[in-house]
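Please look over the structure shown here before reading the briefing that follows.

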Amino acid sequence: MNKSEDSAVIKYYKTKESLWGYNLILKGVKHFGYYPKGKENISIADAQEIMSIEVGKQLNLSKDSLVLDAGCGEGPVSVAIAQKYKYRLEGLDLLDFNVEHANERAKKAGVSDRAHFQVGNYSKLDFPDNHFDGVFMVETFVHAPDYKKVLKEIRRVLKPGGKLVIAEYTKSPDEELTPRQRRILENIIVFSSMPSFRYFINDKFAELISAEGFNDVKTSNISQRIEPMTKKLYYIAIIPYQIIRLFKLQKHFINTMWGVYHYPYNKIGIWRYNITTCTKPNR
Ligand SMILES: C[S@@+](CC[C@H](N)C(=O)[O-])C[C@H]1O[C@@H](n2cnc3c(N)ncnc32)[C@H](O)[C@@H]1O
């Protein structure tokens, strides 16, 4: 495991900008919302809840199935899934304060009997082989220092036939980007510590997952469904960003920079949002 890259992720989530932004604007729910067609005006919180339910639906498991939430953050996805689908959830995250909040969230929601969270690293899982019926990752896989190692670990802990669901960004290959777009995406990758994002290429993501030994890989581009939230974040970020840019402070305000560029890049498809499903082979 590359310790310095894991500590870079921890450092990113511990910056004041991340702590304030994720707490004040997103109330600790660190993922994009899913806006069903015709419901583009719902609140961010409602759309985020729909995204969580969508992940649970894609797992498509029976009640009491054992599911791992890898990179659980403050646990909103697991809690929503425990309530709606009655799976049993184990969540893990690098950050102790996220895990603490996740366990509080589960308790408040009345699902602490089926959703537990602990500090852990999905690059080196502390679970036996063939243990989980399903695994999901929501907006965390880009942080992996070595995506192949993570997929190997997930494959190991999944039961044969077990399901993996990944909600994640992909990008256009560098040769299809302008030098400016390349530079901006590279800055976002470096300062938000998302090394694997470099390898998550739009139309090649399914191939990348298949190459690590998963079957039935299906990737669905849902960029349009998250667009209303990218637009809201754009309007929140655009004025502060002008000041940040004036003083060349972008690397200290990476989420604000992200807010400004994600909306247009998502719209033109050079930065996609996908839900990918696949299964571990039955031997
Ligand atoms: C954008 S947040 C998403 C959190 C959560 N999935 C959600 O939807 O609210 C990404 C999370 O992944 C966690 N993370 C990053 N790398 C990790 C790793 N190697 N092992 C476990 N958690 C990790 C971070 O600490 C952070 O909480």
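How many helices and strands make up the secondary structure of the protein? The secondary structure comes to 10 helices and 7 strands, where helices (H or I, at least four residues) and strands (E, at least two) are DSSP runs numbered from the N terminus. The radius of gyration, taken over C-alpha atoms, is 18 Å, close to the 19 Å that the globule rule gives for 283 residues, so the protein is as compact as a globular protein of that length; that rule is 2.2 Å times the number of residues to the power 0.38.

This is a predicted model, in which local features need pLDDT of at least 70 and side-chain atom pairs count only at pLDDT 80 or more, while totals for chains, interfaces and linings use all residues. Residues are numbered from 1 along each chain as its sequence is written.

**Overall fold**
- Of the 283 residues, 46% count as buried, meaning that 20 or more other C-beta atoms, placed from the backbone, lie within 10 Å of the residue's own.

**Around the ligand**
- The ligand is surrounded by 23 residues, of which the closest are K30, H31, G71, G73 and T140; a residue is near if its C-beta atom, placed from the backbone, lies within 6 Å.
- Two or more residues of this shell come from each of α1 (3-14), α4 (76-85) and β2 (88-93), and the largest share, 3 residues, is given by α1.

**Helix α7**
- Helix α7 (residues 179-191) has 13 residues and reaches 18 Å from its first C-alpha to its last, close to the 18 Å expected at 1.5 Å a residue, the expected span being 1.5 Å times one less than the number of residues.
- Just after α7, S193 takes a positive phi of about 50 degrees.

Notes
Buried ≥ 20, exposed ≤ 12 C-beta atoms within 10 Å, placed from the backbone.
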